[in-house]
Amino acid sequence: MVWMVFVFDIDGTLLEEGSRLDEKTREFLLTLSQDHTLIFASGRMYRSIRQLLEREFGKLFPVIAYNGALIVDETGKVLQEVTLDSNVAGGIIGFLRTVGVHRQAYVCDVLFVEENNEKAKDYARHSDVEYVVVDDLAKLCKQHPPLKLLVIDEDQRKLSDLARSLKERFPVDAYGSFPTYLEIVSPEIGKGKALGILAEVKGFSLAETVAFGDSDNDLELIETAAVGVAVGNATEHLKSRADYVTRALFAEGVVEGVEAVLDGHIVSGH
């Protein structure tokens, strides 16, 4: 059997809702990890990913968190940490206030909000993390540069327009991850770049990698890996750039894709 590196996005790819894997997928991935390397790449904060891995698998794996701003190996060692510029982050918070959208910041792997509303509560439940309410999020970000900012809003067109405005006004990257989430990060990072760093540190080749995703923040990842797989529920943009699109959705699509790779039915389109 040829050893490979499988890289999985979490929300919308492995998980449909909430933060629990179904038993079939859990056992499938645990068995896969005996012969191959598994990496988990997410927009989530590291604290949330670590809790999920410990609960579901009883062990840790290399993690790409915050869309690549933080890379942590399976021992908990930090390999990369890239924050937003503090003044830029403070300015963005001020701008988001004028737009009237929910905003939150991630500083030192802690979630901060300045409005204790249902969006903050729903996010905390979804990610299984707590949050801290502060009076002035812009002031916090100027004092302690964040790994990421996040906007939550139900209006997807509004989020799309906001992403364009942010990239025009500030030196940042902004893109959707969940249908209601807009990720704001340093333009220097990405899941694909993070995979390249892990390959260099861990001594594997990108030619040995297979990546799975569902959203536009997974685009760089699936294009960096030798084989990029979009699960059946992925965005149309991601599907158009993937080497393979599964028929099944979410975790069932992941299982379908892994089996297709191992059976030799998928080859790189790069």
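Predicted model: local features only at pLDDT ≥ 70, side-chain atom pairs only at ≥ 80, totals over all residues.
Mentor: Let's start with a word we'll need: a contact means heavy atoms within 4.5 Å. Residues are numbered from 1 along each chain as its sequence is written, and side-chain values use heavy atoms, with hydrogens and water left out.

Trainee: Okay, so is serine 186 buried or exposed?

Mentor: Buried means under 20% relative accessible area, exposed over 50%, and partly exposed in between, using a 1.4 Å probe and protein chains only. Serine 186 has a relative accessible area of 5%, so it is buried.

Trainee: And where in the chain is serine 186 found?

Mentor: Helices (H or I, at least four residues) and strands (E, at least two) are DSSP runs, numbered from the N terminus. Serine 186 lies in the loop between β11 (181-185) and α7 (191-202). For another serine, look at serine 48, which is in helix α2 (residues 46-57). Serine 48 is buried too, with a relative accessible area of 2%, and beyond its neighbours within four places in sequence it is in contact with Ser127 and Val129.

Trainee: How many helices and strands are there in the chain?

Mentor: The chain has 10 helices and 14 strands.

Trainee: What order do the strands of the open sheet have?

Mentor: Two strands pair if DSSP finds at least two bridges between them. Here an open sheet of 8 strands has the order β5-β4-β3-β2-β1-β12-β13-β14, with mixed pairing. β5 (78-81) and β14 (244-245) stand at the edges with a single partner strand each, so one side of each has no neighbour in the sheet.

Trainee: Which strands pair with β2?

Mentor: Strand β1 (residues 5-8) pairs with β2 in the parallel sense over 4 bridges, and valine 5 has threonine 37 of β2 as its bridge partner. Strand β3 (residues 63-65) also pairs with β2 in the parallel sense, over 2 bridges; there, phenylalanine 40 has valine 63 of β3 as its bridge partner. In strand β2 (residues 37-41), 4 of the 5 residues are buried, so the strand is largely enclosed by the rest of the structure. Further along the sheet, 4 bridges join β12 (residues 209-213) to β13 (residues 227-230), and these two run parallel.

Trainee: What about the backbone: which phi does aspartate 109 have?

Mentor: Aspartate 109 has a positive phi of about 65°, although it is not a glycine. Look for it in the loop between β6 (102-107) and β7 (110-113), where it counts as buried at 13% relative accessibility. Aspartate 128 has a positive phi of about 60° and is not a glycine either. Aspartate 128 sits in the loop between α4 (118-127) and β8 (131-133) and is partly exposed, with a relative accessible area of 38%.

Trainee: Zooming out, what does the C-alpha trace span along its principal axes?

Mentor: The span is about 55 × 35 × 35 Å. Buried residues make up 56% of the 270 residues. Among contacts with a separation of 6 or more, 58% come from residues 24 or more positions apart.
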